Amino acid sequence: MRKKVLTKVMASGLAATMMVTTMTGCTFGFASDPDDPNEVVEEEPIDTSVDTFEYDTALSGTNITLLNSKAEIQVALEAMSQSYEEKSGVHVEVMPVTDGDSPYTKVVSLYNSGNPPTLSILDTTDVIALAEEKAADLSEEPWTAEAEDYLTYVNDKVYSFPLCIEGRGLIYNKAVIEEALGEAFDPESIQTLDDFKALLDKLVAGGIEKPISLAKEDWSLGAHHLQYIYETYDGTSEGAAEVINKIKDGSLDLSSYERMKEFMDAFDVLKEYNVAKGDPLGADYDEMAIDLADGKTALWFNGNWAWPNLQEAGAENDDEYGFLPYFLNNDKDDFANQMIQGSPSKQVMLDGQFASEQEQKAAKQFLNWIVYSEIGQQMLVKKANIIPPFKNNPYEPADPLSRDIYNRVQEEKAFNASAIVPNDHWSVLGAAMQKYLAGRSDREELVQSIEDYWAEQE
Amino acid sequence: MKTKSNGKDFCMFALPGMFCFFAVLVIPFIYGVYLTLTDWNGVAKVKNFIGLKNFSGVVKDAQFWTSLLLTFKYVIVVVLLVNIIAFAVAYLLTRGIKGQNFFRAGFFTPNLIGGIVLGYIWQFVFSRVFVNIGEATGWSLFEVSWLSDPSKAFAALVLVSVWQLSGYMILIYVAGFMGLNEDVMEAASIDGATGWIKMTKIVLPLMMSSITICLFLTLSRAFMVYDVNLSLTGGAPYGTTEMAAMHVYEKAFTSRQFGVGQAEALILFIVVAIISGTQVYFTKKQEVEA
């Protein structure tokens, strides 16, 4: 009898497990990259008829690996590696970092097991942490000349290849704004924080009760919002580094730092018109794309990486979306009110410790192929949908958000400052920002947490 | 002769097990303890010996102590609730009620769903389903997501953990109840023992071995909670629901302070080992043979 019960329990248990495992086999990811790499998107054809790139035949037959931490371009990278292999004979194995794994942790564990990838796509802070210990020097590579403004230097040497430019700001849905205003909307007419507030009030009067979506995620608040206080110092990475050093050594008092005050003013405006004002920490990331595409909101603070979400929510490539700057004050001549921030976000690092000379050469050739061969140039933009940081790449991205950033970069209406902060900056100060967003802390407490954070850094 | 065959037997039966035990448990553990004394960052080729500096880093890490305190609160609530509920349900499910096999399987199912998945499912329930119920009915309890308020988020964590862990403990208690000797129970009835007396004087002492194992399992699992913590709240709102295990991970891999993180992990291990060791010692003493 007892045995029978146990068998029954086990049997139903097994059945349930199987059911659960099949169910979870589908889609479970993190809010930051909800893209399904298997999704079929209509593709622009790649013209392979012209290829003036010179391949080194001695490298044919070499095998190299590429660790990819940008899930949404996995398919594109595989296609690129295949095209490259057809032309050069070098096989590039593209390994994805699984969802939820941090790329840095993955790379470090691969290094510790003595089997690191030849090339790895990492965030800038990761490259800086690993550069001198593990990476090969790329300062002499020809492509450095094409990406001058977007190189990351570690003690005057370049250890990484800037893969893409990503920009952030207030995404607007032009059609929705025009419908609410009842007139044409020119994004360039908004030049100051007061203009912006006036626009918001008009939108409210036009029927959009709360026009802004504000993500509660710590990476959005701690990195994308808060880092404006460093990056708008003078709009350069050097300036950002300088202001960080000043905060660290105490020579800059944050509570009297103009940009800090302006940032909080701007953030308060966003807070005030937040669609989730009643419960800002209950805001749902996936819903924001739907709200913006459907016109429940008109603005969403995010970056061009949000396009796949918007597309899933029903936005089309020929819809008019674009970015407004993060308005900080009422000075029309302040660059922060005119430009949006766009900087290289993903870097490719070449292993200099384990990879043989042959493998390093093949990897370097692959990077040059992306920059100089007609096929690589096309695939980077059309397949991977990336905004290339390379001046010589003539192709334009297809989606409106990337196109807006691309055009602003071309017209020099973007600033490329990117603050290099410790890796836990987004999570520790993201929490402080969440507290402020929820109205459970005041300005002094927020400033104090930022100062405390920097005081703890060595 | 005898010692020789003993040696051979040892090699045949114990050595493979011992080898695995040492390779995946003892050696990494000792190596881990050694790492707490170095400044290794996970990448560098050289590891410098820095003595107890990492431990002074732990002392200074206020967030760690906050999260440890929160873990204690969580453990107490979860262990009590899980065991009371599981014991009561198991008692009911061995009374011969209709469909009890079905109920046993039903209560056990949450345990089969991995903590991560469970966390996501409940996150949806708390932040969407409940909020919609709140909007429809106007109940202020559900008006805003539970996960955006520190104390309600903690309650949510407890609720989900209890829901998940109870099933497993029910199974163990059910086995315990079924192992109770009917003769003893019958003898007690004949002697005139009724409900409550029977429970405290006969059932509880005889169930002590199940209680020992259930307390141990819930204690250690509650102390080491990570998956549900990560997927349900992720430490949100603003880091107030970050438990010790999660903090250790964050310290080591997000803040990249491997040494301090490792030292915190060691401290957490010692705390859990002492507490569950004490518990096993004392509850074992209560066990009786029928």
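At what angle do helix 10 (residues 258-272) of chain A and helix 17 (residues 425-437) of chain A pack, and how far apart are their axes? In this predicted model, the angle is about 55 degrees and the axes lie 11 Å apart. That angle makes helix 10 of chain A oblique to helix 17 of chain A, and the crossing of the two is right-handed.

Who does the touching? On the side of helix 10 of chain A, it's Phe263(A), Met264(A), Phe267(A), Asp268(A) and Lys271(A). Helix 17 of chain A brings Met433(A), Tyr436(A) and Leu437(A) to the contact. Sorted by class, this contact of helix 10 with helix 17 of chain A has six nonpolar residues, two charged ones and no polar ones.

Now for the salt bridges: the structure holds 26 of them over all chains. Here are two, one within chain A and one linking chain B to chain A.

| Side chains | N to O distance |
|---|---|
| Arg259(A) and Glu262(A) | 2.9 Å |
| Arg128(B) and Asp284(A) | 2.9 Å |

The Arg259(A) and Glu262(A) pair sits in helix 10 of chain A, and because these residues are three apart there, about one helical turn separates them.

Between chain A and chain B, the count is four salt bridges. As for the contact itself, 38 residues of chain A meet 29 residues of chain B. Together the two chains bury about 3,000 Å² between them, with 60% of that on carbon and sulfur atoms.

Terms used:
Residues numbered from 1 in each chain as written. Chains lettered and ligands numbered in written order. Predicted model: local features only at pLDDT ≥ 70, side-chain atom pairs only at ≥ 80, totals over all residues. Heavy atoms only, no water. Axes fitted to C-alpha atoms, helices over the stretch in contact; angles between N-to-C directions. Helix = DSSP H or I, 4+ residues; strand = E, 2+ residues; numbered from the N terminus. Parallel < 35°, antiparallel > 145°, perpendicular 65-115°, else oblique. Left-handed = near helix turned anticlockwise from the far one by under 90°. Contact = heavy atoms within 4.5 Å. Nonpolar A, V, L, I, M, F, W, Y, C, P; charged D, E, K, R; others polar. Buried area = accessible area lost by both parts, 1.4 Å probe.
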